[in-house]
Amino acid sequence: MTSVMGKETARPITPHSILVAQLQKTLKLAQESHISPEILDSLRQGVELAAGLDPYLDDYTTPESSALKALAQKTSKEDWGKRFSDRETVRQLEQEMLSGHLEGQTLKMFVHMTKAKRILEVGMFTGYSALAMAEALPSDGVLIGCEVDPYVAQFAQDCFNASPHGKNIIVEVAPALETIHKLAARKESFDLIFIDADKKEYVEYFQTILEHQLLTPDGLICVDNTLLQGQVYLPAEQRTANGEAIAQFNRVVAADPRVEQVLLPIRDGVTLIRRVA
């Protein structure tokens with residue numbers, strides 16, 4: 001779709017972008033219905049205010065590296081529907097699953113702030129967030145990325161090979177829970193853990209990480225999609241299975257006395273969790 005600011009935008013998949021699309025649709029209907037000039041002007045100002053936010057955030061966030069830009073472009077050009085129909089991928093994938101510029105730079109900043117040396121990424125897709133975080137790691141740092149799909153894992157690895165920071169990334173191709181349990185059995189721990197995989201398994205990821213001490217004492221868990229297109233705060237009958245899974249996850253985290261958390265309205269929602277007990 002095209003915003004009122006004149007910029008092309010991707011299919012709306014976040015609460016804010018969906019809201020912008022709804023407002024634009026409402027403005028168009030209002031213009032066709034001969035609504036009073038005062039109401040039209042007020043609605044037009046609302047659309048401009050909402051539609052201008054995401055482009056402004058992108059403009060005033062540090063630009064992505066050339067390697068990240070190339071990875072994003074390669075992901076957007078891939079015909080994911082055909083890959084799935086040809087059975088090259090194990091599930092239907094979409095380019096919108098990419099973390100993107102703003103979230104990538106946010107995660108990169110978190111790595112700098114926490115001085116993390118060991119990172120676990122649960123769910124990797126084509127590796128944008130993994131590479132963004134790896135760019136902030138020290139030379140002896142390591143990021144282990146969990147990815148269930150061999151095609152996507154190789155796609156990401158090819159992109160990592162084009163970056164000097166790719167050497168700090170290890171890709172584990174297996175179901176995420178399988179890899180998490182393997183790491184727990186090896187008594188490994190991580191300074192930062194980013195969760196962005198199967199939404200129906202979020203609660204199990206969270207519980208397993210805490211119960212098996214996979215998070216260092218001062219570590220940080222970042223969880224993606226915790227607003228899930230706004231479904232989590234809309235009436236339950238408007239939720240998909242994934243929306244209900246995330247709503248349940250949010251309730252579980254909020255009720256757990258072992259942690260404290262904050263939910264940030266970045267892209268599709270990012271929750272930061274730290275252990276307190």
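Visitor: Hi! Which residue follows helix 9, and what is its phi?
Guide: Lys187 comes after helix 9, and its phi is positive, near 60°. Helices here are DSSP runs of H or I with at least four residues, strands are runs of E with at least two, and both are numbered from the N terminus. Keep in mind that this is a predicted model, where local features need pLDDT of at least 70 and side-chain atom pairs count only at pLDDT 80 or more, while totals for chains, interfaces and linings use all residues. Residues are numbered from 1 along each chain as its sequence is written, and side-chain values use heavy atoms, with hydrogens and water left out.

Visitor: OK, back to helix 9. Which of its residues are buried?
Guide: Helix 9 spans residues 176-185, and the buried ones are Ala176, Leu177, Thr179, Ile180, Leu183 and Ala184. Buried means under 20% relative accessible area, exposed means over 50%, and partly exposed lies in between (1.4 Å probe, protein chains only).

Visitor: Why are they on the same side of helix 9?
Guide: Because they cover an arc of only 160° around the axis. The arc is that of the directions from the helix axis to the C-beta atoms. On the other side of helix 9, Glu178 and Ala185 are exposed.

Visitor: And what covers the buried residues?
Guide: The cover includes strand 1 (118-122), strand 2 (142-147), strand 3 (169-173), strand 4 (190-195) and helix 10 (202-211).

Visitor: How do the axes of helix 9 and helix 10 cross?
Guide: They come within 11 Å and cross at roughly 5°. That makes helix 9 roughly parallel to helix 10. Axes are lines fitted to C-alpha atoms, for helices over the stretch in contact, with angles from 0 to 180 degrees between N-to-C directions. Under 35 degrees counts as roughly parallel, over 145 as roughly antiparallel, 65 to 115 as roughly perpendicular and the rest as oblique.

Visitor: Which residues in helix 9 and helix 10 meet?
Guide: From helix 9, Ala176, Leu177, Ile180 and His181 meet Glu204, Tyr205 and Thr208 of helix 10; contact means heavy atoms within 4.5 Å. These residues divide into four nonpolar, two polar and one charged. In that scheme Ala, Val, Leu, Ile, Met, Phe, Trp, Tyr, Cys and Pro are nonpolar, Asp, Glu, Lys and Arg are charged, and the others, Gly among them, are polar.

Visitor: How many residues of helix 10 are buried?
Guide: Seven of its 10, so helix 10 is mostly covered. Among them are Tyr202, Val203, Phe206 and Leu210. Just after helix 10, Gln213 has a positive phi of about 55°.

Visitor: Switching topic: is His34 buried or exposed?
Guide: His34 is exposed, at 72% relative accessible area. It sits in the loop between helix 1 (15-32) and helix 2 (37-51), with a positive phi near 60°.

Visitor: And Asn225, buried or exposed?
Guide: Asn225 is buried, at 11% relative accessible area. Its phi is positive too, about 65°, and its place is the loop between strand 5 (215-224) and helix 11 (241-255).

Visitor: Nice. How many helices and strands does the chain have?
Guide: There are 11 helices and seven strands, and buried residues make up 48% of the 277 residues.
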